[in-house]
Amino acid sequence: MDLFLGLGIGGIVLLAGSLVFDGVLEGVFDGALDAMFDGWLSLPVVAGFVSMLGFTGAIVLGTTGLGPGAAAAAGAAAGAGAGWSTYRLSRALARDTGGAASRHGELLGSAGTVVTAIPADGYGEVLLRLGGQPVKYAATADGPVALGAEVWVTATPSSTSVGVRAVER
């Protein structure tokens, strides 16, 4: 049982080490085995396998009358499941593109509010939402726009200014 508990604890230590030494096993072989293993030798996958092998083996050995061979087989099966789940989760996280940064050009056509009145021949300020966050931009318009008016973005001449037109209702 001590061997199985040692493997389980070693797997947890390896998992904690993977937070510090992320990508070490991938770099050990300098990419030579990338096509063969494709992420299967990552520290989280190995740690998940080893810890589940150890803890499941200890549980099976301690709660049943089965011997160490059956406990090792049950632990290996549980470890394979944990390793596969860890691999799939890490692949899904690596594919995630939902956090792409918003671009200034995406402001075209968005609605905003005037926070500093816009004169006919100068700049005022508008409050827009970029990536869900309120952002204040310098703004020009074809004519004067009053404070608090709702506007639509018609142009993005620079990264800090926009052209707007008043929304008429």
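This dialogue covers how to read a few local features of the structure above.

Colleague: What kind of model is this, and how are residues numbered?

Modeller: It is a predicted model, in which local features need pLDDT of at least 70, side-chain atom pairs count only at pLDDT 80 or more, and totals for chains, interfaces and linings use all residues. Residues are numbered from 1 along each chain as its sequence is written, and side-chain values use heavy atoms, with hydrogens and water left out.

Colleague: Is Thr56 buried or exposed?

Modeller: Buried means under 20% relative accessible area, exposed over 50%, and partly exposed in between, with a 1.4 Å probe and protein chains only. Thr56 has a relative accessible area of 16%, so Thr56 is buried.

Colleague: Where is Thr56 found, and which residues is Thr56 in contact with?

Modeller: Helices are DSSP runs of H or I, at least four residues, and strands are runs of E, at least two, numbered from the N terminus. Thr56 is found in helix 4, residues 43–63. Contact means heavy atoms within 4.5 Å; leaving aside neighbours within four places in sequence, Thr56 is in contact with Ala74, Gly75 and Ala78.

Colleague: Where does Ala80 lie, and what is its relative accessibility?

Modeller: Ala80 lies in helix 5, residues 68–95, and is partly exposed at 43%. Its C-alpha atom is 5.8 Å from that of Phe49, 31 residues apart along the chain.

Colleague: Which residues does Ser110 touch?

Modeller: Not counting residues up to four places away in sequence, Ser110 touches Leu128, Val151, Trp152 and Val153. Ser110 is found in the loop between helix 5 and strand 1 (111–116) and counts as buried at 18% relative accessibility.
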